[in-house]
Amino acid sequence: MRGDVDEPISIVAYDARWPLDFEAEAARVRAALGPVVVAIEPFGSSAVPGLVSKPVVDILVGVADLQEATPHVAGLVAIGYEDFGRIFVAERIYLRKRGAAPHFNVAVTEHGGPFWAANLAVREYLRAHPAEVEAYARHKREVVARGATMFSTYSQAKDAFVRGLRERALAWAAGRGAA
């Protein structure tokens, strides 16, 4: 497991290749993790058409039991991922793959659990609410313009906005019966 998760970030326009990059890498991730995978979904900003994002494709991996899946993470390390373990969020294992583009982040979490549900709710909410996409894009650009160009400072500067977005998305999903 690696210790330093901080890295420089940039924000780019949505790239129509990201869904294709997701599909190709999701197949490699599924093969590397093996039978513990219940489902794999695109998530984060790279999964929302039109939303500016870090040039990193986010992959959400649902497993039945996070503890039982943990030893299988070695398969992702074998295909070039850095394992940061349960850094920042206890209910997910965070990994990233850098080097030649495209770049990837993987979050391994319990399928149907709070982290899984919240992230898919945010994705679907943003896909259904163009005004929220615009507000989030504006906020991201402002954060970077104010100098938050490292992963740590960028994440901290977005935290309050993202918490509010998550609350709105979960309320919306609950109202649709799909949280």
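What follows is a short chat about the cores, strand pairing and salt bridges of a predicted model.

Visitor: Which residues have the most contacts inside the largest nonpolar core?
Guide: Those are Val29, Ile59, Val61, Val106 and Val108, in a core of 22 residues. Bear in mind that the model is predicted.

Visitor: Which elements give two or more residues to this core?
Guide: Two helices do, helix 1 (18-33) and helix 2 (66-69). The strands on the list are strand 1 (37-43), strand 2 (56-63), strand 4 (92-97) and strand 5 (103-110). Helix 1 provides the largest share, five residues.

Visitor: What does Val106 touch?
Guide: Leaving out residues up to four places away in sequence, Val106 touches Val29, Ile59, Val61, Leu76, Tyr81, Ile93, Tyr94 and Leu95.

Visitor: And which residues are in the second core?
Guide: That core is separate and has 14 residues, among them Tyr125, Leu126, Val133 and Ala169.

Visitor: Switching to strands. How many residues of strand 2 are buried?
Guide: Eight of the eight, so strand 2 is largely enclosed by the rest of the structure.

Visitor: Which residues sit on each side of strand 2?
Guide: Val56, Asp58, Leu60 and Gly62 are on one side, while Val57, Ile59, Val61 and Val63 are on the other. Both faces are covered, and the residues named are all buried. As for the every-other-residue pattern, side chains in a regular strand alternate between the two faces of the sheet.

Visitor: Does strand 1 run parallel or antiparallel to strand 2?
Guide: Antiparallel, with six bridges joining the pair.

Visitor: Is Thr109 buried or exposed?
Guide: Thr109, which lies in strand 5, has a relative accessible area of 2% and is therefore buried, the limit being under 20%.

Visitor: What is Thr109 in contact with?
Guide: Setting aside neighbours within four places in sequence, the contacts of Thr109 include Leu60, Val61, Gly62 and Val63. Leu66, Glu91, Arg92, Phe115 and Trp116 are also in contact with Thr109.

Visitor: New topic. How many salt bridges are there?
Guide: The count comes to 11. One of the pairs is Arg98 with Glu7, at 2.7 Å from N to O. This pair links distant parts of the chain, 91 residues apart: Arg98 is in the loop between strand 4 and strand 5, and Glu7 is in the segment before helix 1.

Visitor: What does Arg17 form a salt bridge with?
Guide: With Asp15, the closest N and O atoms being 2.6 Å apart. Arg17 is exposed, at 54% relative accessible area.

Visitor: How far apart are the closest N and O atoms of Glu124 and Arg127?
Guide: They are 3.2 Å apart, and the two residues form a salt bridge. Both are in helix 4 (residues 114-128), and because Glu124 and Arg127 are three residues apart there, about one helical turn separates them. Glu124 counts as partly exposed at 26% relative accessibility, and Arg127 as partly exposed at 41%.

Note on methods. Residues are numbered from 1 along each chain as its sequence is written. This is a predicted model: local features need pLDDT of at least 70, side-chain atom pairs count only at pLDDT 80 or more; totals for chains, interfaces and linings use all residues. Side-chain values use heavy atoms; hydrogens and water are left out. A nonpolar core is a set of buried Ala, Val, Leu, Ile, Met, Phe, Trp, Tyr and Cys residues joined through side-chain atoms within 4.5 Å. Buried means under 20% relative accessible area, exposed over 50%, partly exposed in between (1.4 Å probe, protein chains only). Helices (H or I, at least four residues) and strands (E, at least two) are DSSP runs, numbered from the N terminus. Contact means heavy atoms within 4.5 Å. Two strands pair if DSSP finds at least two bridges between them. A salt bridge is a side-chain nitrogen of Lys or Arg within 4 Å of a carboxyl oxygen of Asp or Glu.
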